[in-house]
Structure formats: C-alpha cells, structure tokens
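We'll take a walk through it, stop by stop.

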Amino acid sequence: MLVLVCAAVLLAGCTEPHTPLAAASPVASPGVSGVVGPTGGRVAVPGGPVVDVPAGAVSGAGTLVVREPNNGRLAPVSGSPFLGVGGAYEIALQGARLTGPVRLTFPVRMEPLPAAADADAAAVLGHYDTAERTWKIVPAQYDPDKKTITAEVYELAWWNAFVWDFSRLRDAVATTYASVLAEPGAQPTCEHESAARLTGVRVSAGPSERIRWCYGLADGAPVLKVVNVGGYPISIEHPRSWPVRRHEDSVRMPPELDALVKRPGKVLLAGGSTLELRPDGLTPGGTVTARTSGAGFLALALALGQDSFDQVSAGVPGARPAEAADVLRKVLEGDCLERYTRRMDRPVPDLADAEQRALEAHTVAFDCLRRAWPGSEAFTGVALAWLASGIGVLLDGVTGVADAAVFAEPETIQVRVDQ
C-alpha cells in the first residue's frame, strides 16, 4: 500500500543511486599485480577475480594491477539496496595499453535460489562508468556449478559480480508488511456534531475494533466519516445515492484496484483511511456496512506486490524500468487472478478462513505480477521469483500483528431520521 506502501511506510533503506568514486589515497593498497606483455599473462587474486590476458591483448610489457576497496580507494555503490558491491575490484594496467579483450572471471557467492528462478541469470557482471556514474552490465556466462561468472572485457575499471541479497530483501518486505498491518487509524472528528443531532438524525453502531466513525455537518449538510483502523482494506457498502470521498491518510492503494469492487454503492477502504459519506435529501437515512472481504485481501496483496517488485527493479544495473501502473492493469484485465476472484465475494466467516484466504491472495497476486513484470525472465526475475515463491512463508513469519488486522466481524452503522 505502499504505493502502497505506503505513504506512512516505505520499504526499509534506500541507498543513493549513484555515488562518485572517492579520490585515491597517496598510500593506496598495492593490490595483486603481475607482468603482462605481448605473449599475455595472468593475475589471480586469492579468493577473488582472475584476469587472463591473451597474446596480443596489450601493446607491450606492463603491469596489471587488481585492487580491492580500502580506506583510500572506495568502490562505487550499487544503485539498489538489495545488491552488494562487497566483491568489487579495480583493475588497472600500468606501462602499456589494451589492444584487445581480456578474460575476467569472478567468484560468485550466492544465497539459495527458489526453484522457479533461472539459475543461469542469477548473477551479472558489471563495470562502473565514471563518466555516467553508473554500473553497466556486460554479456557474461554464469556457471552455477563452479559458481563463477566469466566475460571477455575491454574496460579497465571497477568490476563487480552482482547477486541478490535475499536477506535484506526479506527484511525490507517484512518490515513494510508489519507496518501496514499495524493499526494506523484514529478516531475521526466531525464539525458541528451537536447541531447534527438537533436535526432529528440518529446514528448508532455497536462497539468495533476495526471501525471508527463520527456524524456532523459540513457547509450545513450532513456528513458521516468512517475510518478503517486495521491494516487490510475492508469493503464498505452504503446507499447508492450518497456521494463518497476517500481520504487515504496512511496506506495508499493504487486507483486501479477500484476495479476489484465493481458494484455501485460499494468501495474498498484502505487501512488508516477515511471514507466521507454525504447523505442526500432524498435518502437522508440508510445503512453502512463494513466487512472483511476477499477483495480487500487481494487489493493489499497486489499493492504490496507492485511496490515490492518496483523497488526490486529500481537501480538494478541493466534492468528495464517497469511502468508499475500498466503492469497492474495488465494483471487485473487478464485471467491470471481468476482462480482467486471467482470466489472473492464469498463471505469471510472467521479468522481461520481469513488467514487462509489472505495467504492465498498474496500467493496468487505475487505470481501474477511476476509473470507480467518486464524483465521477469532475466536477472531481476530471480528476485521476483524468490519473492513470489516465498511470500507465504515470509508473511507467516511476520509477528506482532493483531488478529483484528486480518479479520473483523461485519460492522453496521445505522443512520435514522426521526419522523
């Protein structure tokens, strides 16, 4: 919600997308070096990269130097908080120049991949372009068995093998999810409540852990405000003739998700948000009902998935930018969600059913978004597949969330006019 999620909550930790290289210290680390010449040569860093120089690849005798970052020579940062450059190395040639490509092999240290991930795309190799201040990916071959990535390269620069930090990604999504499901709503306030009672209108409702409301006057006209103090969106039904306005004070849902509720007189209200209803002169009285619904579960799942996928893609070297709203519309208009939406309007009777359907909604939503997301078969797709395959386990591990955030009994607010 988060595009949720969330105005109030954003996934943890953003890194500056591009940071310039630090100036070299006069006492820089000498690194690992070797003599290369017309017949070629090799420089191998223990536990690090190997640079093979074929015959004819340099103009003459020179020294090839491979340095790790240190206090004097800092590696440029990654544009994504979920990628690391801890294994970056600076490669330089002294006393000669390149006349052809060299062969660069990097070791790859990777966390376990989901079964749905493409192992061949699980790592990429990139160099830092100081002019454009960004990492650029080159064609490379990843060997899952040897856990190495190899490429023929012409650039002498900072190089790094990029892999996903799934632990950081998991923590970020879990933090967002827990924050969204916290109770962000407060008691609403209405102006001229005493004056509204003098008009002969009576408003009543039972005690609720999920709904707060007030009734008053605005510009001389009646207004009923309803707040969802839970995390999941809830479905609200109201007299069709009453104009409505939503104030999304906490969790923000993409407007495209309104398509999940197509019936007049029914809306989805996000957690922490306020619905302002204006009883009209023809129907000043009526019933407003708030209930836990499958539409609410799916709305949060799609919003959380869209936001998570968008942040996974942001700043990743070589990733194509995704038009998140277009992807969401594509998913909503397709048939991928059908296995969930055909049962979406079924009543939610209790907490056990709510928990099951909430997890199902997230599993379906993340899988459908993964299929529709641009570049989902490439390097970015590895992280998307990891999220989609593990979302159920991840959400099960989110603790400290009240049951009322997932399920609440239907709540009814009665507006009556004295005759």
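First, the ground rules. This is a predicted model, where local features need pLDDT of at least 70 and side-chain atom pairs count only at pLDDT 80 or more, while totals for chains, interfaces and linings use all residues. Residues are numbered from 1 along each chain as its sequence is written, and side-chain values use heavy atoms, with hydrogens and water left out.

Let's begin with the sulfurs. A disulfide is a covalent bond between the sulfur atoms of two cysteines; here the working rule is a pair of cysteine sulfur atoms within 2.5 Å. That rule gives two disulfides. One of them joins Cys 190 to Cys 214, with an S to S distance of 1.9 Å. The link of Cys 190 and Cys 214 is right-handed, with 70 degrees about the S-S bond. This pair ties together distant parts of the chain, 24 residues apart: Cys 190 sits in the loop between H1 and H2, and Cys 214 in strand E13 (residues 211-218). Helix and strand labels like these are DSSP runs numbered from the N terminus (helices are H or I with at least four residues, strands are E with at least two). Cys 190 and Cys 214 are both buried, where buried means under 20% relative accessible area, exposed means over 50%, and partly exposed is in between (1.4 Å probe, protein chains only).

The other bond is between Cys 336 and Cys 368, whose sulfur atoms are 2.1 Å apart. With -90 degrees about the S-S bond, the link of Cys 336 and Cys 368 is left-handed. How does accessibility class the two ends? Cys 336 has a relative accessible area of 22%, so it counts as partly exposed, whereas Cys 368 is buried because its relative accessibility is 2%. Number the bonded cysteines in sequence order and the pairing reads 1-2, 3-4.

Thr 189 lies in the loop between helix H1 (166-181) and helix H2 (193-197). Its relative accessible area is 61%, so Thr 189 is exposed. Leaving aside residues up to four places away in sequence, Thr 189 touches Cys 214 and Lys 225 (contact means heavy atoms within 4.5 Å). Thr 189 and Cys 214 are 25 residues apart along the chain, with their C-alpha atoms separated by 6.3 Å.

For a threonine in another setting, go to Thr 380 in helix H7 (residues 379-396). With a relative accessible area of 6%, Thr 380 is buried. Not counting residues up to four places away in sequence, Thr 380 touches Trp 164, Val 312, Ser 313, Val 316, Ala 319 and Gly 375.

Next, look down helix H4. Its buried residues are Ala 324, Val 327, Leu 328 and Val 331. Seen down the axis, these buried residues fall within an arc of 100 degrees, so they line one face of H4; the arc is that of the directions from the helix axis to the C-beta atoms. On the face of H4 turned away from the buried side you'll find the exposed residues Lys 330 and Glu 333. A cavity is a set of points on a 1 Å grid over the protein atoms alone where a 1.4 Å probe fits but cannot get out, and lining residues have an atom within 4 Å of a point. Among the lining residues are Arg 210, Ile 211 and Glu 411.

Last stop, the backbone. Asp 219 has a phi near 55 degrees, a positive value in a residue other than glycine. Asp 219 is in the loop between E13 and strand E14 (221-228), and is exposed because its relative accessible area is 82%.

Technical notes. 1 Å grid on protein atoms, 1.4 Å probe; cavity = no way out; pocket = protein on both sides within 12 Å on 5 of 7 lines; lining within 4 Å.
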